[in-house]
Amino acid sequence: MNRFDKSTEVMHDLLLIQNDRKAAYEKIVKWPNHDESVRNHIKKLIIQCRHCILQLRGHVDMTGSDPADRADIRGDIYHEWPGVRDFVAGNSIPDMIVALESNERKVVLAYQKALKSDECLCEELRTLIDDQLSLIHQSFNQIQEHKEKPLEHATVISEEEKPFVIFRDRVFFETGAHSRSFDLSER
């Protein structure tokens, strides 16, 4: 296999891995009843996946090839890829964080393997893969930070502790030269 074919194989493998990652995370975000900070982090991971896919696609030339050749090329990296750990809708937040951490660790290992095949990669591709790997490391570190933070439990406020609220039956608005009064009790 020549250098061009090997670099195309590496790019395809990383594309497939990013696509697996994105698909799994998109499923999770649709589930209700997740911690909002975890949901926001997963949304950031999805955006990161999409960005990585676009960058990788820009370096894979499929123009002029036979449509039969457009089948997914699976190389050594993807064959060793264990896949994304499945998530279950009822997972607790700590279980979700452990699964995210496991998935991101697998992605890091795949990217590190891609960088080890540097004899077939040109400098531009090596830089692209290294940049994407550093983004994945950042998200992995954020997951670990979230794992180390204790979860804040919702506090229940008794009737005596609720803040004092005043209800008014009239509202007065003043804007420049006009002022108006509305009677809210009639509505």
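Let's start with the second largest pocket. Its space comes to about 180 Å³. Keep in mind that this is a predicted model.

Which elements give two or more residues to the lining of this pocket? They are α2 (36-57), α4 (93-116) and α5 (123-148). The largest share is from α2, with 5 residues. In total, 12 residues line the pocket. Nearest its centre are Ser37, His41, Gln142, Ile143 and His146. By type, the lining has 5 polar, 4 nonpolar and 3 charged residues.

Now, one residue. Find glutamine 18, in helix α1 (residues 3-30). Buried or exposed? Glutamine 18 is buried, because its relative accessibility is 0%. What does its side chain pair with? Tyrosine 111: the two side chains make a polar contact of 3.0 Å. Leaving out residues up to four places away in sequence, glutamine 18 touches Cys49, Cys52, Ile53, Leu56, Val107, Tyr111 and Ile136.

Last, confidence. The mean pLDDT for the chain is 75, and 66% of the residues reach at least 70. Helix α2 has the highest confidence, at 88. Strand β1 (residues 170-175) has the lowest, with a mean of 56.

Two stretches need a flag. Residues 66-70 stay under 50, and the model gives them 3 contacts beyond four places in sequence. Residues 150-156 are also below 50, with 3 contacts beyond near neighbours in sequence.

Thanks. Over to you.

Methods:
Residues are numbered from 1 along each chain as its sequence is written. This is a predicted model: local features need pLDDT of at least 70, side-chain atom pairs count only at pLDDT 80 or more; totals for chains, interfaces and linings use all residues. Side-chain values use heavy atoms; hydrogens and water are left out. Helices (H or I, at least four residues) and strands (E, at least two) are DSSP runs, numbered from the N terminus. Buried means under 20% relative accessible area, exposed over 50%, partly exposed in between (1.4 Å probe, protein chains only). A polar contact is a pair of N or O atoms within 3.5 Å; within protein, one must be able to donate a hydrogen and the other to accept it, and residues adjacent in sequence count only if both atoms are side-chain atoms. Contact means heavy atoms within 4.5 Å. On a 1 Å grid over the protein atoms alone, a cavity is a set of points where a 1.4 Å probe fits but cannot get out, and a pocket is an open set with protein on both sides within 12 Å along at least five of seven lines; lining residues have an atom within 4 Å of a point. Grid points are joined across faces, edges and corners, and a volume is the space filled by probe spheres set on the points. Ala, Val, Leu, Ile, Met, Phe, Trp, Tyr, Cys and Pro count as nonpolar, Asp, Glu, Lys and Arg as charged, and the others, Gly among them, as polar. pLDDT is the predictor's confidence in each residue, from 0 to 100.
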